[in-house]
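Me: I would like a close look at a single part of this model. Please keep it brisk and give the cut-offs as you go.

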Amino acid sequence: MEKILNYINGELTAPKSGDYFDNYNPSDGQVYSLVPDSDAADIDLAVKAAQDAFPAWSSMPKEKRCDLILKVVEKLEASSEMLVAAESKDNGKPEWLARMVDIPRASANLKFFATASLHFASETHDMDGMALNYTLRKPIGVAGCISPWNLPLYLLTWKIAPALAAGNTVVAKPSEITPMTAFLLSKICIEAGLPKGVLNIVHGYGNKVGDALIRHPDTPVISFTGGTVTGAHIAKTAGPMFKKLSLELGGKNPNIVFADADLDKAVATSVKASFTNQGQICLCGSRLYVQQEIYEAFKTAFIAKSAELVVGDPKEEGSNLGAVVSKEHMEKILAKIEEAKAEGGKVLLGGKRILLEGDLKDGYYIGPTILEGLKADCITNQEEIFGPVVTISPFETEEEVIALANSTKYGLSASIFTENLSKAHRVAAAIDSGIVWINTWLLRDLRTPFGGMKNSGVGREGGFKSLQFFTEEKNVCLKI
Ligand code: NAD
């Protein structure tokens, strides 16, 4: 069975402990590779390698750093079909989705930040000719980058690309549930000639190797994407060490459809927002609020379109949904559906595990699930489920739906559907979330600020904001 290896100091290495754990293919429920059960000893080695590489990497002309990252992109793009197959096998997502979104976006992240670093500039503040202040921005040191399983290579590269482009060296910790494409990326970096120690990837459990990374005294900057509970733990641990922290956390995003919306477009986009990647995107709309006048018409069309979605073999082009990421996660989602029923929710569609046949009979499949009749303050409408599960509720007024949208502890994203421009802008401004889409969902420009309010995170990533995060500012004041 294939053993995944750590990538430390330019080499593929076994964990110091020699221990591994099983890696499952969610589409058939079978173990297909082994993940290093790394610990603090491996993190020590990786941080040391990254520290040793820092002086040369951080002082290298940015054009040269950019070229070296673009060499990785070239190799990554040449291996894209292999990465598509690997991402789908490791995560359960349909291959077409990995081909359309995950892998192109991984390469786009690396290209975007490598080239953005060439345009990155700092400010001067002229004190009316009496003095001049200028801001220096320097790379910080060894960046710790921790990423989740839902968009494995996409989110790993979203962190390591700006960290490296800004001149830091990196120790990355991918999700233990989906480590394969990070392992393949380490092979690609070796082939591409990325200098040793610049990027290190250590695999293993979050509470062991992730924890060692955030506690390490020589990782002054930590970028984390994952669950809110883990984010709180990281903040509690790294905060008193005065580390620079970026936290991208969970969401419970509202999807608001006004009576004057283009119904067909609102239905089609809401289906995507609810069920893409089996609902396992932090930005998925999991609370649908539909204005009373069109509630029944929208509901009927939304159920009909969702019922057409095919749940099946991730390798098949015709499968709209693949498997959810793990047995534990499937059981958690199914338990949440039972909890919703106990809270008075009516299942309009789905609500069950789907058993496929043949080789896929043990895979982790759940059909698109629509729940109705749940109060705004119930657990189902308050807690993130992170699966193909959406609630639908009617509303009457603009004020009412703004209050509903803002009624959770989260504030990551929202979608609004209306043909009334003034209303769209008014509601967008009133919703407490870091991202608002009007008449669309998941349309991303990598230059824009990305992140959440309230319990959805701290800080913003994207464009120059990521490069600012991964650099330390210093003001120099010169008296003239
Ligand atoms: P998770 O918090 O369980 O794990 C995320 C990463 O943190 C993994 O690599 C894990 O090993 C590591 N980790 C776990 N415990 C740790 C610890 N004590 N110290 C250090 N690292 C630790 O999250 P997940 O289940 O992998 O991902 C799903 C969550 O991620 C959802 O809540 C989702 O909304 C969120 N998410 C947010 C965004 C965003 O941009 N806001 C994007 C994608 C996913």
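Which backbone oxygen does the side chain of Ser270 reach, and at what distance?

Reply: The side chain of Ser270 reaches the backbone oxygen of Ala266, at 2.6 Å. A polar contact here is a pair of N or O atoms within 3.5 Å; within protein, one must be able to donate a hydrogen and the other to accept it, and residues adjacent in sequence count only if both atoms are side-chain atoms.

Two notes on the source. This is a predicted model, in which local features need pLDDT of at least 70 and side-chain atom pairs count only at pLDDT 80 or more, while totals for chains, interfaces and linings use all residues. Residues are numbered from 1 along each chain as its sequence is written, and side-chain values use heavy atoms, with hydrogens and water left out.

Now the surroundings. Ser270 sits in helix H9, residues 263-275. Helices (H or I, at least four residues) and strands (E, at least two) are DSSP runs, numbered from the N terminus. Ser270 is buried, at a relative accessible area of 0%. Buried means under 20% relative accessible area, exposed over 50%, partly exposed in between (1.4 Å probe, protein chains only).

Leaving out residues up to four places away in sequence, Ser270 touches Asn255, Val257, Leu288, Phe298, Phe302 and Phe417. Contact means heavy atoms within 4.5 Å.

The helix itself comes next. H9 has 13 residues and should span 18 Å at 1.5 Å a residue; its end C-alpha atoms are 18 Å apart, which agrees. The expected span is 1.5 Å times one less than the number of residues. Just after H9, Asn277 takes a positive phi of about 55°.

Finally, the cores. A nonpolar core is a set of buried Ala, Val, Leu, Ile, Met, Phe, Trp, Tyr and Cys residues joined through side-chain atoms within 4.5 Å. Of the 70 residues in the largest nonpolar core, Val170, Leu185, Leu199 and Leu283 touch the most other members. Helix H5 (residues 152-165) gives the most to this core, with 10 residues. A second, separate core has 25 residues, including Val267, Leu288, Ile294 and Val390.
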